[in-house]
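This report walks through the strands, helices and a few loop residues of one protein model. Keep the structure open alongside the text.

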Amino acid sequence: MGTLLIVDDEQKLRSLLSRLLKEEGFEVLTAGDMRSAIKKLESHAEIDVVLSDVKLPDGDGVDFIRRVKLRFPEKELVLYTAYGTVADGIRAMKNGAFDYVLKGDDDEKIVPLLMRAMEKAQLRRRVIQLEHRVSRLYSFANIIAESPVMRAAVELAQRVAPTDAGVLLLGETGSGKEVFAQAIHEASTRAQRNFVALNCSAFGKDLLESELFGHTTGAFTGASTAKKGIVEEASGGTLFLDEVSEMPLELQAKLLRVLETHEFYKLGESTPTRVDFRLIAASNRDLKAESEAKQFRADLYYRLNVFEIVLPPLRQRHADIPMLLRDFVSHFCLKTNKTRLSIDASFIQALTQYRWPGNVRELKNVVERAVILCDSDCLTERDLPVDVRLAHDRIDDVKQDLATVEKNHILKILAQCSGNKSEAARILGIGLTTLYRKLEEFA
């Protein structure tokens with residue numbers, strides 16, 4: 001059921017209430033005054049609800065509520081007294097009490113009341129735990145950065161995070177721009193408010209404008225209900241605009257106005273809405289070059305580029321691959337209900353020699369596929385896609401003479417075609433007769 005603390009200077013009443021509530025399934029602690037109650041709260045984090053008398057030897061129970069709520073805001077408090085007044089009840093509720101009840105109503109009111117208070121407190125505890133888990137998940141501590149270039153990017157992000165400065169994240173698709181945006185938000189003073197993300201490349205002009213700024217009922221055909229835009233949703237928190245280079249020029253002008261005035265107009269509305277958000281923008285393009293080519297507004301580029309962080313592609317941070325690999329393998333083993341897989345050295349070597357055009361996102365997909373296909377307790381090179389294995393083999397081929405490279409390549413393609421010589425010849429770009437001659441030379 002949960003743990004509650006009874007605070008009352010009458011020993012007999014404490015004992016009576018304690019027995020009654022234990023029979024209802026509560027874990028019960030008791031205290032005779034405010035001082036000992038505070039000590040119990042300090043030493044027993046599992047206490048969710050406090051049931052306190054108004055008249056205590058060392059103070060007023062109504063003021064006691066205020067003190068407890070300041071130090072332990074997650075606790076729920078219920079006051080009870082034999083001499084209740086309306087004024088005390090109002091003060092108690094203003095100070096944060098869950099409820100206020102008269103003595104003598106114990107059996108009829110206190111038990112169900114405490115059950116409701118316990119449900120609310122435990123729900124709040126679960127929410128706090130979830131928030132902490134989410135905060136850890138998106139924190140800088142979870143960004144793998146063994147390579148110097150990645151450590152430098154993380155250090156820049158950590159330095160700007162506590163400020164309210166706008167951030168421009170530049171990097172190839174799949175390099176982790178949204179992960180960085182989340183980490184910056186979680187380390188900022190806005191962490192308790194919304195983080196709202198929008199990929200600007202996912203919408204056409206009209207839909208994107210509606211997503212950004214919202215609309216009123218009847219603003220356009222099909223607008224049967226009013227809609228709040230993400231600019232308003234992000235107020236107080238952080239707005240992350242991914243692929244901002246894909247935003248049409250006319251919408252760029254509207255975004256610039258919001259950044260400068262902190263006001264915007266919903267579609268179909270004549271009065272402005274005020275907002276306050278931190279903007280983090282991201283792009284896989286060179287926005288400076290785009291602005292010079294008139295493909296992106298120069299004034300918006302300079303407004304966004306208060307603090308620029310360039311995220312390195314995975315091919316420039318091979319030192320991070322082993323740790324990323326272990327993290328992904330652990331995740332996908334859990335997801336697919338597989339026992340923990342070991343990783344062969346050939347598997348790691350193949351991954352570090354591949355160029356990863358899709359960056360971390362591609363690595364994650366490759367590892368998920370390998371975990372699913374693995375039919376032993378160890379991931380080996382044979383669990384990798386052909387293109388990743390071939391990249392590994394090409395590195396080894398550099399050390400071989402041309403004839404050996406040609407032979408190995410032909411035999412590998414033939415094996416991939418399950419011995420079908422016509423298909424192998426087509427893939428190799430040679431005639432079938434030539435393939436037969438080559439195979440005779442290899443015999």
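The model is predicted.

**Strand β1 and its surroundings**

How many bridges join β1 to β2? Strand β1 (residues 3–7) runs parallel to β2, and five bridges join the two. Thr-3 has Glu-27 as its bridge partner in β2. Val-7 has Ala-31 as its bridge partner in β2.

Why does β1 count as largely enclosed by the rest of the structure? Five of the five residues of β1 are buried, so the strand is largely enclosed. A residue counts as buried under 20% relative accessible area. In a regular strand, side chains alternate between the two faces of the sheet. In β1, Thr-3, Leu-5 and Val-7 point one way. Leu-4 and Ile-6 point the other way, and all of these residues are buried.

**The β9-to-β16 sheet**

Another open sheet has five strands in the order β9-β12-β15-β8-β16. Its pairing is parallel. The edge strands are β9 (195–199) and β16 (308–310), and each pairs on one side only. From one strand to the next, the twist averages 15°.

Strand β12 (residues 238–242) is mostly covered, with five of its five residues buried. Which of its residues point one way, and which the other? Thr-238, Phe-240 and Asp-242 point one way from β12. Leu-239 and Leu-241 point the other way, and all are buried.

β12 pairs with β9 in the parallel sense over five bridges. On the β15 side, four bridges join β12 to β15 (residues 278–283), and these strands also run parallel. Phe-240 of β12 stands opposite Ala-197. Phe-240 also stands opposite Ile-280 in β15. Leu-239 has Leu-279 as its bridge partner in β15.

| Strand pair | Bridges |
|---|---|
| β1 and β2 | five |
| β9 and β12 | five |
| β12 and β15 | four |

**Helices**

How do α8 and α10 pack? Two packed helices are described by the angle between their axes and the distance between the axes. Helix α8 (residues 205–213) and helix α10 (residues 249–261) pack at an angle of about 15°, with their axes 10 Å apart. Angles under 35 degrees count as roughly parallel. α8 and α10 are therefore roughly parallel to each other. Their crossing is right-handed. From α8, the contact uses Lys-205, Leu-208, Glu-209 and Phe-213. From α10, it uses Glu-250, Leu-251, Lys-254, Leu-255 and Val-258.

Helix α14 (residues 345–353) has Ser-346, Phe-347, Ala-350 and Leu-351 as its buried residues. These cover an arc of only 135° around the axis, so they lie on the same side of α14.

**Two loop residues**

Asp-286 sits in the loop between β15 and α11 (287–292). It counts as partly exposed, because its relative accessibility is 48%. Asp-286 and Leu-255 are 31 residues apart in sequence. C-alpha to C-alpha, they are 19 Å apart in space.

Glu-146 is in the loop between α5 (106–137) and α6 (148–160). Is Glu-146 buried or partly exposed? Glu-146 is partly exposed, with a relative accessible area of 42%. Leaving out residues up to four places away in sequence, Glu-146 touches Arg-151, Ala-319, Asp-320 and Met-323. Glu-146 and Lys-364 are 218 residues apart in sequence. In space, the two are 18 Å apart, C-alpha to C-alpha.

Definitions and conventions
Residues numbered from 1 in each chain as written. Predicted model: local features only at pLDDT ≥ 70, side-chain atom pairs only at ≥ 80, totals over all residues. Heavy atoms only, no water. Pairing = 2+ DSSP bridges. Axes fitted to C-alpha atoms, helices over the stretch in contact; angles between N-to-C directions. Buried < 20%, exposed > 50% of the residue type's maximum accessible area, 1.4 Å probe, protein only. Arc of directions from axis to C-beta. Parallel < 35°, antiparallel > 145°, perpendicular 65-115°, else oblique. Left-handed = near helix turned anticlockwise from the far one by under 90°. Contact = heavy atoms within 4.5 Å.
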